[in-house]
Amino acid sequence: MSAGLRVEQLRMRFGGETADLFAIEQLALAPGASLGIRGPSGAGKTTLFNCLAGIEAPRSGRIEWDGCDIAALAEGARDRWRRHAVGLVFQDFHLVDGLDALGNVLLPAYFGRWRPSADERERAAALLQRVGIAAPRREVALLSRGERQRVAIARALLQRPAALLADEPTASLDPEHRAGVATLLAEAARETGAALLVFSHDLELLARLDRCLELRDGALHETR
Ligand SMILES: Nc1ncnc2c1ncn2[C@@H]1O[C@H](COP(=O)(O)OP(=O)(O)OP(=O)(O)O)[C@@H](O)[C@H]1O
């Protein structure tokens, strides 16, 4: 059993298509390491993100996270795995506007339970402080876009995930907020020892990561 991510012979094809969108022979990411994936529009980055996050099932191949092949799991088991094993950060934040910052960070703690534990509440408050949100009880709809993304990062870290996956996390932010979120993601992953996988066009963000690959013409290519 190996720690981190190990992908082998991963193929994805949507129904009705005659060719694979991508075929990835091998990909590995160790705990604590960071990897960026960029690529032209339509190359399949979001689809690959969805496969690696267990949101979508590939056509064939292995996606092992800490030795567990999530490609072989049924949808319900994959959903359960995703809730505790990975933290997800999206371009458009996926926050619940009617809730305050603390309520949003605590959302993952509600799955399958009535309410979060005292420990989880404490951790959520500490994470919000860590990401620089001074008003945890403010409704997220009233926060700036940069602040909203920082709340989303705090939420992704709540369950102490072994991996942090981000899909275009800085794309809807202005330059000042982009730099802050890039630093935060890289630091948070380093501090927690999580593997960090970022899909992005943001060259400044990609430059902060250990390694960067390009998804192009259905395959992953080295960029540096
Ligand atoms: N559910 C689906 N069914 C059929 N085709 C799909 C589906 N989802 C995505 N595609 C197709 O797969 C291709 C890759 O889409 P994807 O969103 O993964 O690309 P991307 O690299 O993230 O693009 P962008 O950078 O523009 O967001 C596109 O041609 C898209 O139309």
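Reply: Happy to; we will take the sheets, then a salt bridge, then the ligand. Please keep in mind that this is a predicted model.

Me: What makes β1 and β4 a pair of strands?

Reply: Pairing asks for at least two bridges. Strand β1 (residues 5-12) and strand β4 (residues 60-65) are joined by five bridges, so they count as paired. The two run antiparallel, and Glu-8 stands opposite Arg-62 in β4.

Me: How do you know that β1 also pairs with β2?

Reply: By the same test: seven bridges join β1 to β2, and at least two are needed. These strands run antiparallel as well. Glu-8 turns up again here, standing opposite Gln-26 in β2.

Me: And what makes β5, with residues 68-69, a strand and a partner of β4?

Reply: A strand needs at least two residues, and β5 covers residues 68-69, so β5 qualifies. Its pairing with β4 rests on two bridges, in the antiparallel sense, and at least two is the requirement. In β5, Cys-68 is the bridge partner of Trp-65. β4 and β5 form a hairpin with two residues between them, and Asp-66 in the turn has a positive phi of about 50°.

Me: Why are β2 and β5 called edge strands?

Reply: The order of this open sheet is β2-β1-β4-β5, with antiparallel pairing. β2 (22-29) and β5 each pair on one side only, and that is what the label describes.

Me: Which strands stand at the edges of the six-stranded sheet?

Reply: That open sheet runs β6-β7-β8-β3-β9-β10, with mixed pairing. β6 (86-90) and β10 (219-222) have a single partner strand each, so one side of each has no neighbour in the sheet. From one strand to the next, the twist averages 20°.

Me: How do you know that β3 and β9 are paired?

Reply: Four bridges join strand β3 (residues 34-38) to strand β9 (residues 211-216), against a requirement of at least two. Here the strands run parallel, and Leu-35 has Arg-211 as its bridge partner in β9.

Me: What makes Arg-38 and Glu-214 a salt bridge?

Reply: The cut-off is 4 Å between a side-chain nitrogen of Lys or Arg and a carboxyl oxygen of Asp or Glu. For Arg-38 and Glu-214 the N to O value is 3.9 Å, so the pair qualifies. Because Arg-38 lies in strand β3 and Glu-214 in strand β9, this contact ties together parts that are 176 residues apart in sequence. The whole structure has 16 salt bridges.

Me: What is the make-up of the shell around the ligand?

Reply: The shell divides into four nonpolar, six polar and one charged residue. Among the residues surrounding the ligand are Phe-14, Leu-21, Pro-40 and His-201.

Methods. Residues numbered from 1 in each chain as written. Predicted model: local features only at pLDDT ≥ 70, side-chain atom pairs only at ≥ 80, totals over all residues. Heavy atoms only, no water. Near = heavy atom within 4 Å. Nonpolar A, V, L, I, M, F, W, Y, C, P; charged D, E, K, R; others polar. Axes fitted to C-alpha atoms, helices over the stretch in contact; angles between N-to-C directions.
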